Amino acid sequence: MTYATAVHEAVAALRTIREQWAELLLAIEEPPADVWPPRQLAHTMGVRHDEQLVVADQAPLVLREHPAPLNLTALDAGRAVERMIFDLADTLAATVQRADRSDPRRWTFPDPGAVDSRRSHGSRAHGLHFACVWVEGRLLDEDTAPEKQLDGTFAAPPFEVLPPHLLHEARRAVRIAEARLLRTLGLDQRHTPVPAPCPWCGGELELHTVAGESPRATCATGVQCLAQVPLDERGRRLWEGDDLLTLINALSAMEYGHTPFSA
Ligand SMILES: [Zn+2]
């Protein structure tokens with residue numbers, strides 16, 4: 001693997017973690033999600049509260065109180081992801097950080113002896129988003145050129161270029177953290193049987209999810225299935241986008257004893 005590829009993969013994983021972090025924080029406060037309907041459709045279905053997403057990504061889990069988390073698996077995963085990214089930032093800072101104490105770009109280590117709890121957590125107190133952005137800056141060798149001062153002289157840069165062995169360690173750590181997060185949210189690549197028959201033919205439905213893509217569902221019956229949706233490359237009826245919402249509505253109508261033909 002080239003150096004550039006490793007940087008690209010690690011940065012992509014960090015961005016996925018940042019994008020999905022609010023989802024994880026919401027998941028902690030909700031009972032574990034059912035296979036059906038897929039979590040990714042929660043926005044469209046109106047059960048997601050967007051204002052919560054804004055609030056969600058501030059304080060780190062280590063500084064939060066969770067009086068009654070509804071999803072302990074999500075809480076455990078969140079704490080593990082935080083720990084991996086925070087520890088990684090510590091490791092990178094210990095090697096490449098030269099910034100002086102007043103520089104806001106500096107990553108500060110936890111200080112267990114400090115009196116106030118925010119200082120005792122160092123930069124961890126700024127939360128996971130900050131840590132991901134900080135690690136990304138080191139992966140991209142930001143702020144590693146000498147900096148011109150007001151008096152025209154040059155000062156040593158706040159960070160050194162990341163050595164290759166640390167890049168590979170960082171890539172490995174962030175990909176493990178990303179995989180844990182996506183798996184917890186059910187957003188990793190998987191094919192899951194839908195616990196209800198196809199409303200149009202009684203066939204077996206399957207839900208397909210891939211990280212970063214919209215979920216899809218298929219009916220195993222094939223062209224004989226009467227659903228008015230296209231066929232996929234394997235000849236199965238395929239629901240995606242708005243069609244998937246139609247399928248969700250048809251399945252919930254079935255729970256009340258209706259079929260698409262009697263609606
Ligand atoms: Zn069908």
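**Exercise 1.** How are α1 and α6 oriented to each other, roughly parallel or roughly antiparallel?

*Solution.* The model examined here is a predicted one.
Step 1: take the geometry. Helix α1 spans residues 3-28 and helix α6 residues 127-139; their axes come within 10 Å and cross at roughly 170°.
Step 2: apply the cut-off. Angles over 145 degrees count as roughly antiparallel.
Step 3: conclude. The two helices α1 and α6 are therefore roughly antiparallel to each other.

**Exercise 2.** Determine which residues form the contact of α1 with α6, and classify them.

*Solution.* Step 1: list the α1 side, which consists of V7, A10, V11, L14, R15, I17, R18 and W21.
Step 1: list the α6 side, where L128, H129, C132, V133, V135, E136 and L139 are met.
Step 2: sort the residues of this contact; there are 11 nonpolar, 1 polar and 3 charged.

**Exercise 3.** Describe the packing of α1 with α7.

*Solution.* Step 1: the axes of α1 and helix α7 (residues 164-184) come within 8 Å and cross at roughly 30°.
Step 1: the crossing of α1 and α7 is left-handed.
Step 2: from α1, the contact residues include Y3, A6, E9, A13 and L24; among those in α7 are P164, L167, R171, E178 and T184.
Step 3: by class, the contact of α1 with α7 holds 15 nonpolar, 4 polar and 4 charged residues.

**Exercise 4.** Trace the pairing of strands β4, β5 and β6.

*Solution.* Step 1: strand β4 (residues 204-209) pairs with strand β5 (residues 216-219) in the antiparallel sense, over 4 bridges. Within this pair, L207 stands opposite A217 in β5.
Step 1: a hairpin is formed by β4 and β5, with 6 residues between them. In its turn, G212 has a positive phi of about 80°.
Step 2: on to strand β6 (residues 237-240), which pairs with β5 in the antiparallel sense over 4 bridges. Here R237 in β6 is the bridge partner of C219.

**Exercise 5.** Is E82 buried or exposed, and which residues does E82 touch?

*Solution.* Step 1: locate the residue. E82 lies in helix α4 (residues 72-96).
Step 1: compare its relative accessible area with the cut-off. Buried means under 20%; E82 has a value of 0%, so E82 is buried.
Step 2: list the contacts. Leaving aside residues up to four places away in sequence, E82 touches W21, P60, L61, V62 and L128.

Technical notes
Residues are numbered from 1 along each chain as its sequence is written. This is a predicted model: local features need pLDDT of at least 70, side-chain atom pairs count only at pLDDT 80 or more; totals for chains, interfaces and linings use all residues. Side-chain values use heavy atoms; hydrogens and water are left out. Axes are lines fitted to C-alpha atoms, for helices over the stretch in contact, and angles run from 0 to 180 degrees between N-to-C directions. Angles under 35 degrees count as roughly parallel, over 145 as roughly antiparallel, 65 to 115 as roughly perpendicular and the rest as oblique. Contact means heavy atoms within 4.5 Å. Ala, Val, Leu, Ile, Met, Phe, Trp, Tyr, Cys and Pro count as nonpolar, Asp, Glu, Lys and Arg as charged, and the others, Gly among them, as polar. Two strands pair if DSSP finds at least two bridges between them. A crossing is left-handed if the near helix is turned anticlockwise from the far one by less than a right angle, and right-handed if clockwise. Buried means under 20% relative accessible area, exposed over 50%, partly exposed in between (1.4 Å probe, protein chains only).
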